[in-house]
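Biologist: I would like to learn how to read a protein model. Could you take me through it feature by feature?

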Amino acid sequence: MNVEHEITLLTEQIRRLGSKNADGKFSVKFGVLFKDDECANLFEAMVGTLKAAKKKKIITFEGELLLQGVHDNVDVILLQD
C-alpha cells in the first residue's frame with residue numbers, strides 16, 4: 001500500500017472513531033485508534049502512517065512517536081477536513 005492511500009484511510013478512521021474538539025477539529029485518543037479492529041486490519045504499520053501524516057501536517061499529536069500503552073491517552077487531531 002502506498003503512503004498517500006494509508007493517510008487517506010487514517011483520516012477516515014479518525015473521523016469515524018473521533019469527535020470534534022473545542023476547535024471544531026476531529027480528535028481521537030491514540031489508544032482508541034490502535035485498539036480498533038478495523039484499524040488493525042487496515043494498517044500494517046499504524047505508527048509509521050501517523051508519523052507520515054504528521055510530517056505532511058494532516059494530523060498532529062504531542063511528541064514524535066506514539067507507542068501502545070504509554071501514549072494511549074494522547075489525542076490525535078485531524079488538521080485538514
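Modeller: We will go through the sheet, the core, the salt bridges and a surface patch. Keep in mind that this is a predicted model.

Biologist: How many bridges hold β2 to its partners β1 and β4?

Modeller: Take each pair in turn. Two bridges join β1 to β2. Three bridges join β2 to β4. Both pairs are antiparallel. You can find partners across the strands too. Ser19 stands opposite Ser27 in β2. Val28 stands opposite Val76 in β4.

Biologist: What lies between β1 and β2?

Modeller: The two strands form a hairpin, with five residues between them. Check the turn for Gly24, which has a positive phi of about 80°.

Biologist: Where do side chains point in a strand?

Modeller: In a regular strand they alternate between the two faces of the sheet.

Biologist: Now the core. Which residues of the largest nonpolar core touch the most other members?

Modeller: The core has 21 residues, and the ones to look for are Leu10, Ile14, Leu33, Leu50, Ile59 and Val76. Then ask which elements supply the core. Those giving two or more residues are α1 (3-17), β2 (26-29), α2 (30-35), α4 (46-55) and β4 (75-78).

Biologist: Take Leu10 as a case. What is Leu10 in contact with, leaving aside its neighbours within four places in sequence?

Modeller: Leu10 is in contact with Leu33, Phe43, Thr49, Leu50, Ala53 and Ile59.

Biologist: On to charges. How many salt bridges does the structure hold?

Modeller: The structure holds five. For each one, find the two side chains, then see where they sit in the chain. Glu4 and Lys56 meet at 2.9 Å, N to O. Glu4 is in helix α1 and Lys56 is in the loop between α4 and β3, 52 residues apart.

Biologist: Are Glu4 and Lys56 buried, exposed or partly exposed?

Modeller: Use the cut-offs: buried is under 20% relative accessible area, and exposed is over 50%. Glu4 has 44%, so Glu4 is partly exposed. Lys56 has 41%, so Lys56 is partly exposed as well.

Biologist: Which residue does Asp72 form a salt bridge with?

Modeller: Its partner is Lys35, with the closest N and O atoms 3.2 Å apart. Asp72 is in the loop between β3 and β4, and Lys35 is in helix α2, 37 residues apart. Asp72 is buried, at 15%. Lys35 is exposed, at 53%.

Biologist: Last, the surface. Which residues form the nonpolar patch?

Modeller: Leu65, Leu67 and Val70 form the patch, with about 280 Å² of accessible area together. Val70 is in the loop between β3 (59-60) and β4.

Biologist: Why does Val70 count as exposed?

Modeller: Val70 has 63% relative accessibility, and exposed means over 50%.

How values were computed. Residues are numbered from 1 along each chain as its sequence is written. This is a predicted model: local features need pLDDT of at least 70, side-chain atom pairs count only at pLDDT 80 or more; totals for chains, interfaces and linings use all residues. Side-chain values use heavy atoms; hydrogens and water are left out. A nonpolar core is a set of buried Ala, Val, Leu, Ile, Met, Phe, Trp, Tyr and Cys residues joined through side-chain atoms within 4.5 Å. Buried means under 20% relative accessible area, exposed over 50%, partly exposed in between (1.4 Å probe, protein chains only). Helices (H or I, at least four residues) and strands (E, at least two) are DSSP runs, numbered from the N terminus. Contact means heavy atoms within 4.5 Å. Patches are made of residues with over 30% relative accessible area and no salt bridge: like charges are joined within 9 Å, nonpolar side chains (Val, Leu, Ile, Met, Phe, Trp, Tyr) within 5 Å. Accessible areas come from the Shrake-Rupley method with a 1.4 Å probe; for residues, only the protein chains shown count as cover. A salt bridge is a side-chain nitrogen of Lys or Arg within 4 Å of a carboxyl oxygen of Asp or Glu. Two strands pair if DSSP finds at least two bridges between them.
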